[in-house]
Amino acid sequence: MNYIEELKQRLDGMFSPEKSYFPKDNLLSITVSNSNVRGALAHLKDVEGFKHFVMLSCVDWLEDGKFELVYIVWHPEKKVNVAVKTLIDRENPEFHSLHDMWRQLCTYEREIWEMYGVNFIGHPRLEEFILENWKGMPPMRRDFDTLHYVNEHYEWREGREENYKPRDYIGEAFDEWRRK
């Protein structure tokens, strides 16, 4: 049994993940309850040596009424990643901030708050980040209507109708460029 398989056994025993598997050779993915996220990440950082926080991401499972928060950490000596995942309610998206564990989590939590509307309880600075004066539904939610937003906020320019399909336009422009 190699290191990542032994790690999976330890984490399975300690945190009873709903799901744990290897999406890739050097990546272990575990889905834990909300109450086990901090403990799992603290164990990985303080006991197992996963000192590098890679990223926090959010997946919108619209059909299930859930958001999935995905924390990825890296072990520089073992060359292994672990993705710690948890599901939160999409209607009232809240989760406790973990910014005290890795400083860069402040930025990721702030971005996810702005783009998905997830409230990170205890975050020191949930405020405007990338979007300026944004009102309404966060734009990364799957039910955000991009076309409606564009029609409300931008004017169509004359001649753009012909280039409505960017892939076709780019293909034609590329063909024309190759003929020159």
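**Loops, core and charges**

Trainee: Let's start with Glu91: buried or exposed?

Mentor: Glu91 counts as exposed, because its relative accessibility is 70%. The word buried means under 20% relative accessible area, exposed means over 50%, and partly exposed is in between (1.4 Å probe, protein chains only). This is a predicted model, where local features need pLDDT of at least 70 and side-chain atom pairs count only at pLDDT 80 or more, while totals for chains, interfaces and linings use all residues. Residues are numbered from 1 along each chain as its sequence is written, and side-chain values use heavy atoms, with hydrogens and water left out.

Trainee: Got it. Where is Glu91 found?

Mentor: In the loop between strand 5 and strand 6 (94-96). Helices (H or I, at least four residues) and strands (E, at least two) are DSSP runs, numbered from the N terminus. Glu91 and Glu63 are 28 residues apart in sequence, with 12 Å between their C-alpha atoms.

Trainee: Switching to the inside: how many residues has the largest nonpolar core?

Mentor: It has 35 residues, and those with the most contacts inside it are Leu41, Leu69, Tyr71 and Val84. Helix 1 (3-15), strand 2 (27-31), helix 2 (37-46), strand 3 (52-61), strand 4 (66-75), strand 5 (80-89) and helix 3 (105-116) each give it two or more residues. Helix 1 gives the most, with five residues. A nonpolar core here is a set of buried Ala, Val, Leu, Ile, Met, Phe, Trp, Tyr and Cys residues joined through side-chain atoms within 4.5 Å.

Trainee: And charges? How many salt bridges does a search of the whole structure find?

Mentor: Eight, counting a side-chain nitrogen of Lys or Arg within 4 Å of a carboxyl oxygen of Asp or Glu. One joins Asp12 and Lys8, at 2.9 Å from N to O. Both lie in helix 1, four residues apart, about one turn of the helix. Asp12 is partly exposed, at 25% relative accessible area.

Trainee: Which residue forms a salt bridge with Glu48?

Mentor: Arg10 does, with the closest N and O atoms 2.9 Å apart. This pair links distant parts of the chain, since Glu48 is in the loop between helix 2 and strand 3 and Arg10 is in helix 1, 38 residues apart. Glu48 is buried, with 11% relative accessible area, whereas Arg10 counts as partly exposed at 31% relative accessibility.

Trainee: What about Asp100 and Arg38?

Mentor: Their side chains meet in a salt bridge, at 3.0 Å from N to O. Asp100 lies in the loop between strand 6 and helix 3 and Arg38 in helix 2, so this pair ties together parts that are 62 residues apart in sequence. Arg38 counts as partly exposed, at 35% relative accessibility.

Trainee: Last one: which residues are linked in a network of salt bridges?

Mentor: Asp60, Arg90 and Asp143 are.
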